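Subject: Structure handover

Hello,

I am passing a structure on to you. It comes first, and my notes on it follow.

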Amino acid sequence: MKVNSKANEKQATREDDRITKFGTFLRKSNIDEMPQFFNVFLGNMSVVLARPTYVETNRIVFRINK
């Protein structure tokens, strides 16, 4: 993804021009998850559920003012 001023506010969308072709390949192939898989397999990490959302996203969605 390309550097931008709204990275903490705007999440990527399907046709986002900030996403690179290589990034699209990594997401579709899930190759970026392989190191975590190997660490779980070796017992160095445990399996955890979904990734948390960005704090800024929660503030925008839930209108939390902190």
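Apart from neighbours within four places in sequence, methionine 45 makes contact with Gln36, Asn39 and Val40.

Please keep in mind that this is a predicted model. Mean pLDDT for the chain is 78, with 86% of the residues at 70 or more. Confidence is highest in α2, with a mean of 89, and lowest in α3, with a mean of 72.

Overall layout

The chain contains 3 helices and 0 strands, and its elements follow the order α-α-α from the N terminus. Of the 66 residues in the chain, 6% are buried. If you take the contacts between residues at least 6 apart in sequence, 17% of them join residues at least 24 apart.

The charged pair

How many salt bridges does the count give? The count comes to 1 salt bridge. Its partners are aspartate 16 and arginine 18, whose closest N and O atoms are 2.5 Å apart. The side chains of aspartate 16 and arginine 18 are also listed as joined by a polar contact of 2.5 Å. In general, side chains of opposite charge can pair when their charged atoms come close.

Are the two partners buried or exposed? Aspartate 16 has a relative accessible area of 8%, so it is buried. Arginine 18 is also at 8% relative accessibility and counts as buried; the cut-off for buried is under 20%. Arginine 18 sits in the segment before α1 (21–29).

Aromatic rings

There are 2 aromatic pairs in the structure. One of them is formed by phenylalanine 37 and phenylalanine 41, and this pair is stacked, with 6.3 Å from centre to centre and 20° between the planes. Why are phenylalanine 37 and phenylalanine 41 separated by about one helical turn? They lie 4 residues apart in helix α2, which means a separation of about one helical turn.

Phenylalanine 41 is at 64% relative accessibility and so counts as exposed. Phenylalanine 37 has a relative accessible area of 48% and is therefore partly exposed. Ring pairs also bring in Phe38, giving a cluster of Phe37, Phe38 and Phe41.

Where is asparagine 30 placed? It belongs to the loop between α1 and α2. With a relative accessible area of 45%, asparagine 30 is partly exposed.

That is the end of my notes.

Regards

Definitions and conventions. Residues numbered from 1 in each chain as written. Predicted model: local features only at pLDDT ≥ 70, side-chain atom pairs only at ≥ 80, totals over all residues. Heavy atoms only, no water. Contact = heavy atoms within 4.5 Å. Helix = DSSP H or I, 4+ residues; strand = E, 2+ residues; numbered from the N terminus. Polar contact = N/O pair within 3.5 Å; in protein donor to acceptor, adjacent residues only side chain to side chain. Phe/Tyr/Trp six-rings, centres within 6.5 Å; stacked < 30°, edge-to-face > 60°. Buried < 20%, exposed > 50% of the residue type's maximum accessible area, 1.4 Å probe, protein only. pLDDT = per-residue confidence, 0-100. Salt bridge = Lys/Arg side-chain N within 4 Å of Asp/Glu carboxyl O.
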